[in-house]
Amino acid sequence: MRYLLATICASLVAISFGAKLPTGFKKCNLKQISSHQCLPNAIESAIKQMNRPSKKLGLVSMEPLVIPLMIMDAGNQFVTAQHTYKNMRVSGFNETTCSKAEFNYTEKTLNLECVVPHFRMDFNYEGRGQIMMISAYGNGTGWFLLSDNQLGLTFKFGEYEKKGKTYFNIIHQELRMQPKDFDFDLQNMFDGDEQSADRLKQVLKENARELYEDVRPGYEEAFGKVFASIFEKILGRVPIVDIFG
């Protein structure tokens, strides 16, 4: 599945090595990590504190998280439309809860299970193609809302040395997104032909689950890249020895 993703990376400041985690970030030592209790709370707390830019970590705000451009050819069966999203603003991370966070130092993997109750995307869009065998096109504003969006994230790490200190880097990531419900609105579909737009919106609502499953791999891959980019900025600034308490 092809996609082009221009993310927050371009707007982040250059990496400065040897930084430390902000004092408000909770730390877990290796013994606490093995208990499976400290790390979920620490990660959940860190996500909620990223609601404003951090010069120390070189991060922009995650509330909302702004993605300047995302172009996707999404879907294989029901959706064959190309989507272009501009100035996408993703919000809801301040409500994130994490039930699982398992770090394996030997295998260098981190597995997360979190829920974002109101994962909302607001954007400007352009689209053209077919949805459920219906020719569709549009250019306007819109939003998607995934209620109780369950996120499963897996990161695989490598290590490298810089200025005498060891850092993690992400060599692979995998995201799974499984929302319990969907809602959306797309303005100016069919160049303002409201009758045609209403018919298509009804088809979309009646077949929301099937349509989401068709486009899910593309969105998982794209947002997996976004989340990995954010995490990579932290890992690139903070040595391994300073990550653990």
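Mentor: Begin with a side chain in this predicted model. The side chain of Ser61 reaches the backbone oxygen of Asn51 at 3.1 Å.

Trainee: Is Ser61 buried or exposed?

Mentor: Leaving aside neighbours within four places in sequence, Ser61 is in contact with Met50, Asn51, Arg52 and Pro53. Buried means under 20% relative accessible area. Ser61 has 15%, so it counts as buried.

Trainee: Is the peptide bond from Glu63 to Pro64 cis or trans?

Mentor: Pro64 is also placed in the loop between helix 2 and strand 2. Most peptide bonds are trans. From Glu63 to Pro64, however, omega is near 0 degrees, and the bond is cis.

Trainee: What is the phi of Met132?

Mentor: Most residues other than glycine have a negative phi. Met132, in the loop between strand 5 and strand 6, is not a glycine, yet its phi is positive, near 55 degrees.

Trainee: Is Lys163 buried or exposed?

Mentor: Lys163 is in the loop between strand 6 and strand 7, and has a positive phi of about 55 degrees. Exposed means over 50% relative accessible area. Lys163 has 74%, so it counts as exposed.

Conventions. Residues are numbered from 1 along each chain as its sequence is written. This is a predicted model: local features need pLDDT of at least 70, side-chain atom pairs count only at pLDDT 80 or more; totals for chains, interfaces and linings use all residues. Side-chain values use heavy atoms; hydrogens and water are left out. Buried means under 20% relative accessible area, exposed over 50%, partly exposed in between (1.4 Å probe, protein chains only). A polar contact is a pair of N or O atoms within 3.5 Å; within protein, one must be able to donate a hydrogen and the other to accept it, and residues adjacent in sequence count only if both atoms are side-chain atoms. Contact means heavy atoms within 4.5 Å. Helices (H or I, at least four residues) and strands (E, at least two) are DSSP runs, numbered from the N terminus.
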